[in-house]
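Subject: Structure handover

Hello,

Here is the structure I promised to pass on. Please open it and keep it beside this email while you read.

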Amino acid sequence: MPRFLVLARKDLGLMLGLGLGLAQTILLGLLIIFVFSLSLPVGETMTGQAAAAIFWLASVFGLVLLFNALYHLEEANGVRLGLLLAPISPGTVFLGKALAGAALLLLAQIFFLLGLVVFLGQSLYGQWASALGLVLAVDLGLVVLGSLLGALSQGQAARESLLSVILFPLLVPLLLGGVKLGGGLLSGVGFQDESQWLTLILAFDALFAAVALILFPLVFREG
């Protein structure tokens, strides 16, 4: 088994076994969706684009919680030095953290989607394949930056706020694409002529994946 899969499985086992991060992420996301549902007049339904914005807002806050928890595993147990001394490349650590974060985020997003249906009365109109493709494309950019900046913010409590402070502005182009395309799906019109947003998302994924693979070894060693 590739070493990054071993690291990802170890992180997933600890996060799910100890109940770290995931439960808080799901509860926070559902709370955000529920609070926005209170702004709706009785009998009215939120627009698809507004619902998509709330979905991605819940996902980004969940991303911060998940990657803070993932990198806190090594800090709390004092084994980060062991990872640095292990005969594995920093890129392997990056891929393991990103894969574990992606699996946990996808799991949380299943509950967020159910929250959109229950609290906001939304529907995907049978466009499940398109929705899955969009979520995977946007999540790739989210976990790449989450894994990189999670390593940057590790080590000291005062630096943990860096993850959200730096992360949110960088994610704006990715979230704009996710909201625009997600709004089309939730409105029942699909992607139509919005292929430029999909191109933007894929370009964002490719650019920041390359940047993260270059910068992560420096960030992880200096963290």
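Below is what was found, from the whole chain down to single residues.

**Ground rules**

This is a predicted model, so local features need pLDDT of at least 70 and side-chain atom pairs count only at pLDDT 80 or more, while totals for chains, interfaces and linings use all residues. Residues are numbered from 1 along each chain as its sequence is written, and side-chain values use heavy atoms, with hydrogens and water left out.

**The whole chain**

The chain has 9 helices and 0 strands. Helices (H or I, at least four residues) and strands (E, at least two) are DSSP runs, numbered from the N terminus. In sequence order the pattern reads α-α-α-α-α-α-α-α-α. The radius of gyration is 18 Å, close to the 17 Å that the globule rule gives for 223 residues, so the chain is as compact as a globular protein of that length. That radius is taken over C-alpha atoms, and the rule is 2.2 Å times the number of residues to the power 0.38. The C-alpha trace spans about 60 × 35 × 35 Å along its principal axes.

Of the 223 residues, 44% count as buried. Buried means under 20% relative accessible area, exposed means over 50%, and partly exposed is in between (1.4 Å probe, protein chains only). The chain exposes about 10,600 Å², an area from the Shrake-Rupley method with a 1.4 Å probe. Carbon and sulfur atoms supply 72% of it.

Now the contacts (heavy atoms within 4.5 Å). Take those in the chain with a separation of 6 or more: residues 24 or more positions apart account for 85% of them.

**Aromatic pairs**

A pair of aromatic rings is described by the distance of the centres and the angle of the planes. Rings of Phe, Tyr and Trp (its six-membered ring) pair if their centres lie within 6.5 Å; planes under 30 degrees apart count as stacked, over 60 as edge-to-face and the rest as tilted. The count comes to 6 aromatic pairs.

Look at F61 and F168. Their ring centres are 5.5 Å apart and their planes stand at 80 degrees, so the pair is edge-to-face. F61 sits in helix α3 (residues 48–77) and F168 in helix α7 (residues 161–170), 107 residues apart. F61 is partly exposed, at 33% relative accessible area. F168 is also partly exposed, at 28%.

Next, F94 and F216. The ring centres are 5.2 Å apart and the planes are at 55 degrees, so this pair is tilted. F94 lies in helix α5 (residues 90–120) and F216 in helix α9 (residues 195–222), so the pair ties together parts that are 122 residues apart in sequence. F94 is buried, at 4% relative accessible area. F216 is buried too, at 1%.

Ring pairs also link F55, W56 and F112 into a cluster.

**Two single residues**

Which residues is F111 in contact with, leaving aside its neighbours within four places in sequence? They are I26 and L30. F111 lies in helix α5 and is partly exposed, at 34% relative accessibility. The C-alpha atoms of F111 and L27 are separated by 9.2 Å, although these residues are 84 residues apart along the chain.

Y125 is in the loop between α5 and α6 (128–153). Its phi is near 55 degrees, a positive value in a residue other than glycine. Y125 is exposed, with a relative accessible area of 53%.

Best wishes
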